[in-house]
Amino acid sequence: KQWYQRRVAITAGIFWAAGGVILGVGIYVKVQVDNLVGVTVSHDTLNTSALFLITLGCIVFVVGLLGCCGSLTQNRCMLLLYFSLVTIIFLGEIALAIAVYANKDTVTQSIKDQFSDCMGKYDNTTTPNNVCKDAIDSVQSVLHCCGVNKTTDWKDYNHPLAPPESCCEDQTKCNYSTAYQDGCFTVINTFVNHNAKYIGFGVLGVALVELLGMSLACYLRTFIIKRTEYLEPHAA
């Protein structure tokens with residue numbers, strides 16, 4: 001019994017910690033979103049994402065707390081609620097995965113539109129903090145890419161002679177010949193395709209932790225009920 005009790009507490013603790021991290025990321029994104037004034041697509045998308053992360057973080061945090069408290073205090077109601085909520089989250093993840101897969105073309109186009117929207121705002125000098133410029137420079141420098149699909153995409157955004165300096169390793173001599181030749185979306189898409197199996201293993205690992213938590217919580221609750229009926233025959 002103690003073995004199951006400890007395992008439920010551990011898996012619930014993982015949920016609790018993960019919820020805290022997701023909540024923190026959501027709050028951070030929500031605070032930073034206010035800097036994206038004037039970037040319509042990115043602002044709306046990031047604001048929605050931030051609210052989603054905050055909501056998800058709160059739910060996962062509460063679920064983890066319920067599991068920890070329920071296992072340590074051997075409270076049947078908490079364990080039942082923990083089991084039910086984890087089951088709902090698990091089913092929700094399956095539904096989300098199916099929805100993303102079914103609409104992957106729409107999601108892909110949305111990402112490309114956001115990047116293109118930011119490219120159009122790259123030279124915007126009307127705002128003191130050009131978040132789009134900082135974001136694109138960071139992406140291009142880190143991923144060693146340039147533009148959306150190819151380097152010459154920048155010619156359509158008031159860069160006829162040379163792309164931004166972040167497109168080049170040697171920023172003092174940056175032109176379309178010395179710039180990174182792969183587009184950022186192409187680099188990201190290639191990375192995802194090459195690492196799809198690792199992403200799949202990660203998702204599978206999360207699902208296994210959830211299934212383990214559900215199974216252990218169910219077993220521990222059943223054990224508590226049977227023990228209560230044995231010790232107190234007339235207990236409800």
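Predicted model: local features only at pLDDT ≥ 70, side-chain atom pairs only at ≥ 80, totals over all residues.

Q: Are Cys118 and Cys132 buried or exposed?
A: A disulfide joins Cys118 to Cys132, with an S to S distance of 2.1 Å. Cys118 is in helix 4 (residues 104-120) and Cys132 in helix 5 (residues 131-143), 14 residues apart. Both Cys118 and Cys132 are buried.

Q: Which handedness does the disulfide of Cys145 and Cys184 have?
A: The sulfur atoms of Cys145 and Cys184 are 2.1 Å apart, and a disulfide is a pair of cysteine sulfur atoms within 2.5 Å. The torsion about their S-S bond is about 85 degrees, so this disulfide is right-handed.

Q: Why does Cys184 count as buried?
A: Buried means under 20% relative accessible area. Cys184 has a relative accessibility of 2%, so Cys184 counts as buried.

Q: Is Cys77 buried or exposed?
A: Exposed means over 50% relative accessible area. The relative accessibility of Cys77 is 62%, so Cys77 counts as exposed.

Q: Which helix gives the most residues to the lining of the second largest pocket?
A: The second largest pocket is lined by 24 residues. Helix 1 (2-33), helix 2 (40-73), helix 3 (76-102) and helix 7 (196-231) each give two or more residues to this lining. The most, 9 residues, come from helix 3.

Q: How many residues in the lining of the second largest pocket are nonpolar?
A: Leu56, Ile89, Glu93, Val206 and Glu210 are the lining residues nearest the centre of this pocket. In the lining, 2 residues are polar and 2 charged, while the nonpolar ones number 20.

Key
Residues numbered from 1 in each chain as written. Heavy atoms only, no water. 1 Å grid on protein atoms, 1.4 Å probe; cavity = no way out; pocket = protein on both sides within 12 Å on 5 of 7 lines; lining within 4 Å. Helix = DSSP H or I, 4+ residues; strand = E, 2+ residues; numbered from the N terminus. Nonpolar A, V, L, I, M, F, W, Y, C, P; charged D, E, K, R; others polar. Buried < 20%, exposed > 50% of the residue type's maximum accessible area, 1.4 Å probe, protein only.
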